[in-house]
Amino acid sequence: MENPTQFVQWLRSVAPYIHAFGGKTFVVAFPGELVAAGALPVLAQDLSLLVALGIRIVLVHGSRPQVAEQLGLRNVEGRFHNGVRITDTAAMECAKEAAGELRLDIEAAFSQGLPNTPMSHAQISIVSGNFVVARPLGVIDGIDFELTGVTRKVSAEKIAPILQFEDNLVLLSPLGFSPTGEVFNLTMEDVAAAAAIALHADKLIYITETSMMSDAAGEEIRELSSHQAEAVLQANFLPPDAAFYLQHAIKACNSGVDRAHIVPFEMDGSALLELFTHDGVGTMISHENLESLRTATIEDVGGIIKLIEPLEADGTLVYRGRELIEREIEQFSVIEHDGVIFGCAALYPFPDAKMGEMACLTVNPDVQAQGDGERILKHMENRARAAGLTKLFVLTTRTAHWFKKRGFQPASVDDLPKDRQHMYNWQRKSQIFIKTL
């Protein structure tokens, strides 16, 4: 191994996600274009890894290019309206044939046992069945969609027990059945969203043939609340395929799914990168804003310790034992993103002097230079003002320049509150900076 230190740091960085995802249910949907591009074996390996981590996976496949290929072999022209296929009898036969072929390909991909694959010893069982109840889409804009349908119900009560068994994976095709025995051609996006809603899934993940979603100015869209996503749709600058994915992601989030992700499959391992890195490689949609800056609670002690331990080890911060942090937890504020703490600081008031000490200001190195330190500082200044303090001071050995740039002025021990002067560590010889609020 060329860089064992980097590996250890990486493993530590993904540990919170592994802990958070265990036992959760993810609905993962991918288009037929992914199979046509030859990316199915790699996706199967990545999803097998998720199953091995204790994540319950429901897989939904698309089949548009495969259906188009079958229609071409029969010399039948495909018909569409507003991007949705009109499914006549011939198109339905093609949809059935494509779904059957894809199901076999998917089962084969999850059954591979080659010694050179990352999940060579995984034994994933693929379970499929008549889990999707559908109804006809009907007549829209005067156009009869015939055997094209929409999902009416996904049988969560049948799927949930299957997922309880280790190494089981449920596979849904974009076909649904009516109580009278009819078969309807559905969209993969619709089936996946309906399945995520019915199962109360923790995540809905679309692995797409579309590029990274961008705004009207060409800037990448990494994260949206469902309200922001609705505004993006209304602005009408997204390509139709991307808008269709976003529409179903919004529907899922507004119906109780915690997170929806739209992730291009063009990058190797994109699903893993989206799930196990802070910024991801796609667009994440949630019902509410994922990031919060708040006063810490006792449940945050472990996250704070993990964050400050490396800085205590190299002498940047003074060592604080777990018991001390637990006693002083109300002094701390944290910045949290999707359940993971990425920054913290503490405020120790000296009311008689109307001064407060800001200590332990820390931001995860992986997300520095994104303004989180600045946000925490402003938050602590507001806390100090709310407590009736007029000055904020810090003691630092490594970050003097950062505080100078933000309005802190050099000071001496004599400028500190009397109680704090007695606690000054002359061996550390920390520099003192004070800011008037």
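Exposed residues are those with over 50% relative accessible area, and buried residues those with under 20%. The views below are taken from a predicted model.

**View 1. The overall chain of the predicted model.** The chain contains 15 helices and 23 strands. Its C-alpha trace extends over about 90 × 50 × 35 Å along the principal axes. Buried positions make up 48% of its 437 residues. Carbon and sulfur atoms contribute 51% of an accessible surface of about 21500 Å².

**View 2. Helix H5, residues 89-110.** The 22 residues of H5 reach 32 Å from the first C-alpha to the last, close to the 32 Å expected at 1.5 Å a residue. Buried in this helix are Ala 91, Met 92, Cys 94, Ala 95, Ala 98, Ala 99, Leu 102, Ile 106, Ala 109 and Phe 110. These residues lie on the same side of H5 because they cover an arc of only 150° around the axis. Thr 89 and Leu 104 are exposed on the face turned away from the buried side of H5.

**View 3. Helix H6, residues 156-164, and its cover.** Ala 156, Ile 159, Ile 162 and Leu 163 are the buried residues of H6. Viewed down the helix axis, they fall within an arc of 130° and therefore line one face of H6. Their cover includes strands S1 (25-30), S2 (56-61), S5 (125-127), S9 (149-154) and S10 (168-172), together with helix H7 (188-198).

Terms used:
Residues are numbered from 1 along each chain as its sequence is written. This is a predicted model: local features need pLDDT of at least 70, side-chain atom pairs count only at pLDDT 80 or more; totals for chains, interfaces and linings use all residues. Side-chain values use heavy atoms; hydrogens and water are left out. Helices (H or I, at least four residues) and strands (E, at least two) are DSSP runs, numbered from the N terminus. Buried means under 20% relative accessible area, exposed over 50%, partly exposed in between (1.4 Å probe, protein chains only). Accessible areas come from the Shrake-Rupley method with a 1.4 Å probe; for residues, only the protein chains shown count as cover. The arc is that of the directions from the helix axis to the C-beta atoms. Contact means heavy atoms within 4.5 Å. The expected span of a helix is 1.5 Å times one less than its number of residues.
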